[in-house]
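Visitor: I would like to learn how to read a model like this one. Please show me the features one at a time.

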Amino acid sequence: MELSPRYNPAEVEDKWYQLWRDRGYFQPSMRTDRPSFSIVMPPPNVTGVLHLGHALNTTWQDILIRFHRMRQDNTLWLPGTDHAGIATQAKVDELLRSRGQNRYDLGREAFLEEAWRWKEQYGGTILEQIGKLGASVDWSRLRFTLDEGLSRAVTEVFVRLYEEGLLYRGNYITNWCVSCRTALSDIEVEHEDETGQLTSIAYPLISQDGEIVVATTRPETLLGDTAVAVHPDDPRYQHLIGKFVEVPLMNRRIPIIADTYVDREFGTGAVKVTPAHDPNDFQMGKRHHLEEIKVIDEDGRMTEAAGVYAGLTRQEARKKVLQDLEAQGRIRHTEPLAHAVGHCERCGTVIEPLLSLQWFVKIAPLAEPAIEAVKRGVIRIVPERFEKIYMNWMENVRDWCVSRQLWWGHRIPAYYCDCGAMVVSRTPVATCAQCGGSMHQDSDVLDTWFSSALWPFSTLGWPEDTEDLAQFYPTSVLSTGYDIIFFWVARMIMQGIHFTGEKPFSTVLLHGLVRDAKGQKMSKSKDNGVDPIEVIDKYGADALRIALVLGSAPGNDYRWSWERFEAGSHFANKVYNAMRFVLMNRPEGFQASESISQHPADQWIWTRLNAAIESMTDALTQYEFGQAARTIYDFFWDDYCDWYIEMAKVRLKGPQRDEALSTLIHVAERALKLLHPYMPFVTEELYQALGGGESIMISEWPAPDPERAQQDGAAVIEYIQQLVRAGRNLRAEVGLKPTQKAGFVALGDTPEVVSRWEKGRAEAELLMRADRLDLRVKEDGSRVERAIAGVTLGGTIYLPLEGLVDVEREIERVKKAKSEAEVERERLQTRLLDANFVSRAPAEVVAKARDSLAELEARIERLQEREEALR
């Protein structure tokens, strides 16, 4: 296979991805003699498109999958999408509005048909994009949360929870979105700091003079007040407990109650109690048997119970209530108050706590074993610091509201009769067993996260005992963002343990958020995001993948920039061009020798390769993707390309050509395998060009080869590298052109040092552009006249200047450079002696100034020595 002169990702990536897929390489081997390794892909919303967070997480998972597949494990990566209840329904509603329709015009069945058509037409976009990224998922096992099999699992779980007394229906305060017209769980609410108005309102006492003042940021809710509460130990109000006040504007008589929930230090120490519109008031109302008066409805408008305010929006009612209170002289004080306000995470609308009839899962019995699983290390969270966050949430979790007032989703399998009978059933119920009347199914659907919580086992066939469930459950790793540890991770652990008796996964691997170069969260309003497909079109998927991973670590946020992606592209080209060099020097029909080379350069590169194999294998098993990426990046760029290929050029045109070429090929094949999980496309292209085998993705992960890596030979090259670096620095100091030859003298501290230099003489001469290299043992007082010197490992290297540069001009250049450095040193010294600067400037600025001064001192000393040597 011949390589093109330039690497073109667009020509390569689709070709190889289709071939891998056609040949079934993405499917597990189902070998029972090897460990199973499985990941269920966090299902992206069917409405979604790929963003950098998806790209990072997908790349992490693909690295693990390709690594374990190459280790010959029975490897499964199961893909799928989530039906995304609210998000998808909103998309279909939008489509209907564009036609002048709404879902109520269509009716439920017709609307669902429309939703399925939308899903089939647009729902596969993100899966296609994941494929573009190179994800080696088993497409034959693609799942969707509304699949027949997953729907059966959802129904089974709902019914079992109900039968076990862990599921109940009741009137309860929920987070209500008046725009989406559905209840939300606590973790679907985003709290944002806002400045509101705290209004102190006087409630007149009944049967005696006086008043009690309460403060609120939501004056419109006083229309539903059914009590005023004070702390039982508050001496200011103890004489009023059991008395009554009148609700302003409503002329309603309500009691003054005592409850320890009240904070005596906040406001006046007295609070209004609105059980139908505040979760804490709801609990207080239950304790004191208070009436629940609902004055705001599901559309965010005031109900008939609000009296003259009925029909107003909550914003209009707030304004009118304040005006009327002012007119009646009931407002005692107003002040601004910064407080957290809940918003719907889908549409941003301010949440309204509403009393409504909903279905709830009792969380406490499910949470206990899920807490223990993490405490005992049965499930590991990476990074470990997130375990504390998980524990804090789990130990304080409330019951989960799982019903949603939507049409798109898993319809709740509960059936009702007009006689009051209710049945929860695995199969549809048409006739009431009590009265013989007809039954109707609950119109609500389940929270999207209810079905997602079953994902690790429902996708493998549960509740049936399938081969996939036996082979791949518990799964090995769950990789996801730390921002949904509560939404999803905790619920999967609870449901997995409860319904299968086993953990759903062994490790939870958390990645951070992807931010822009300034550390800001990406958003449409800031226009600081980037489309991963745009990056792929410009630089290729491999460049995107390596750029994302090089800067990432579990739990840490990642900052993207175009420069990172461009650097990824440069690296792909570097590797590609290195392989082209090898192939151009390989004669037709050449077969790489398996014999062990004794040449120091060959022994050195094998030592470096073995170290890279060990380091990468260890890092990948510890999920240190960035560390492993840096290892193979540095090996390819520095060790293989910049050093070994350059050293090999000495032998490629001589009698030792076959030995050098064989090492070039063997090392390249193994290095490409190490790089493959990160950059699958370019490595397959190059592996095939080298004649590596059927496919790199099913080849075996490399093992170290200690026989080829002799430390004596490696030590020779380490001495040569230091010698070359010192020689190159001397060339740079006198401004020699890259093509200009120069002579060097190297004095070794011991005969052993000189012996090592001699073994790599030819390589050193080539790399330093030396036309002569005099190597000898240093004797007492020995020095090289009219030369500049540099320290190297085991000795000193000199660059004689006679005939190479104009010595007098070089002296003047050094004097000028020293003078400029001395001026800058004086400026920095003056600045650091200024007490105001040292005390007021940021610590990092002061530290940088001190570091710069130290660097200048060292530079001036070097220039002084250089001038003396030249003289």
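Visitor: In which helix is the place of Arg651?

Guide: Arg651 sits in helix H20, residues 625-652. Helices (H or I, at least four residues) and strands (E, at least two) are DSSP runs, numbered from the N terminus. Before going on, note that this is a predicted model, where local features need pLDDT of at least 70, side-chain atom pairs count only at pLDDT 80 or more, and totals for chains, interfaces and linings use all residues. Residues are numbered from 1 along each chain as its sequence is written, and side-chain values use heavy atoms, with hydrogens and water left out.

Visitor: Is Arg651 buried or exposed?

Guide: Buried means under 20% relative accessible area, exposed over 50%, and partly exposed in between (1.4 Å probe, protein chains only). Arg651 has 3% relative accessibility, so it counts as buried.

Visitor: Which residues does Arg651 touch?

Guide: Contact means heavy atoms within 4.5 Å. Leaving out residues up to four places away in sequence, Arg651 touches His599, Ala601, Asp602, Tyr644, Gln656, Arg657, Glu659 and Ala660.

Visitor: How do I read a pair of packed helices?

Guide: Two packed helices are described by the angle between their axes and the distance between the axes. Axes are lines fitted to C-alpha atoms, for helices over the stretch in contact, and angles run from 0 to 180 degrees between N-to-C directions. Take H1 (residues 9-22) and H22 (residues 680-689): their axes come within 9 Å and cross at roughly 80°. Angles under 35 degrees count as roughly parallel, over 145 as roughly antiparallel, 65 to 115 as roughly perpendicular and the rest as oblique. H1 and H22 are therefore roughly perpendicular to each other.

Visitor: Which residues of H1 and H22 meet?

Guide: From H1 come Val12, Glu13, Lys15, Trp16, Tyr17 and Trp20; from H22 come Pro680, Phe681, Glu684, Glu685 and Gln688. For classes, Ala, Val, Leu, Ile, Met, Phe, Trp, Tyr, Cys and Pro count as nonpolar, Asp, Glu, Lys and Arg as charged, and the others, Gly among them, as polar. The contact of H1 with H22 has six nonpolar, one polar and four charged residues.

Visitor: At roughly what angle do the axes of H7 and H15 cross?

Guide: The axes of H7 (residues 148-163) and H15 (residues 485-500) cross at roughly 75° and come within 12 Å. This pair is therefore roughly perpendicular too. Val157, Arg160 and Leu161 of H7 make the contact with Gln495, His498 and Phe499 of H15. By class, that is three nonpolar, two polar and one charged.

Visitor: Now the backbone. Where are cis peptide bonds?

Guide: One joins Trp462 and Pro463, with omega about 15°. Pro463 lies in the loop between H13 (455-458) and H14 (467-472). Another runs from Tyr473 to Pro474, with omega near 0°. Pro474 is in the loop between H14 and strand S22 (475-481).

Visitor: Which residue other than glycine has a positive phi near 70°?

Guide: That is Gln72, in the loop between H2 (52-70) and S2 (74-78). Ser207 also has a positive phi, about 75°. Ser207 is in the loop between S7 (189-204) and S8 (211-216), and is exposed, with a relative accessible area of 76%.

Visitor: How many helices and strands does the chain have?

Guide: The chain has 28 helices and 29 strands. Buried residues make up 55% of its 871 residues. Its C-alpha atoms fill a box of roughly 115 × 70 × 55 Å along the principal axes.
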